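Hi everyone, thanks for making the time. Let me put the structure up on the screen, and then I'll walk you through a few parts of it.

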Amino acid sequence: MLRLEELEAALPSMTRWRVPGGRSVDWGVLEGDLGSRLPSDFRALAEAYPVLVIGDFLTVSLPVSGAEAAWASEAGDDEILQDLYEMEDMEDYVPYPQPGGLIAWAESNAGDTFYWRTSPADPDAWTVVVRTDNADWIEFPVGAVEFLAGVYGRTIDVPGMPGGFPGDAPDVKGLSDRVG
């Protein structure tokens, strides 16, 4: 599993948003409400950073301290994914909480969604699945942090992304952690 420092090396502009001392996400509440543990690389990212917007294109949805239940609810009740499932437009994927179901962790402003496939049982072995805006499903045998480091370090190519993605040295913005 890739370390957070390797993502920071691929996206050095993100480090200005690092929260000294961590963000104190209540993982017991979040994972209890969700009904599943989450990958340790994502937990490390969420403890160190607020919601991130990379290159004004990709938003990484990180839980906010005090709003863990809302993050879990949104992740566990993805209406768009459920609609795709009911329309049989998911290839062999299923929405969470079905076994092996998908949980979204990022999205682009072009309509691409980035998921984990919640199989096998160990969250640290979950893979990334991308549904592009043109309805292609692509699976990558890596976790979220390794995926982001690979994309922005240019070792992972995501077919179907807009021209110019991922861009040269994209700016990273951190969104406020204020709840309410």
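Let's begin at L148. Setting aside its neighbours within four places in sequence, L148 is in contact with L7, L45, I54, L58, V60, W105 and G153. Please keep in mind that this is a predicted model.

As general background, nonpolar side chains in soluble globular proteins tend to be buried together.

Next up is helix 4, which spans residues 68-76. Which of its residues are buried? They are E68, W71, A72 and A75. If you look down the axis of helix 4, these buried residues fall within an arc of 95°, so they line one face of the helix. And what do they pack against? Their partners are helix 2 (27-34) and helix 3 (40-48), together with strand 3 (102-108) and strand 4 (113-117).

Last stop, a glycine. G163 sits in the loop that runs between helix 6 and strand 7 (172-174). Is G163 buried or exposed? Its relative accessibility is 78%, and exposed means over 50%, so G163 counts as exposed. From C-alpha to C-alpha, G163 and G143 are 24 Å apart in space, with a separation of 20 residues in sequence.

That's my tour, so over to you for questions!

Notes: Residues are numbered from 1 along each chain as its sequence is written. This is a predicted model: local features need pLDDT of at least 70, side-chain atom pairs count only at pLDDT 80 or more; totals for chains, interfaces and linings use all residues. Side-chain values use heavy atoms; hydrogens and water are left out. Contact means heavy atoms within 4.5 Å. Buried means under 20% relative accessible area, exposed over 50%, partly exposed in between (1.4 Å probe, protein chains only). Helices (H or I, at least four residues) and strands (E, at least two) are DSSP runs, numbered from the N terminus. The arc is that of the directions from the helix axis to the C-beta atoms.
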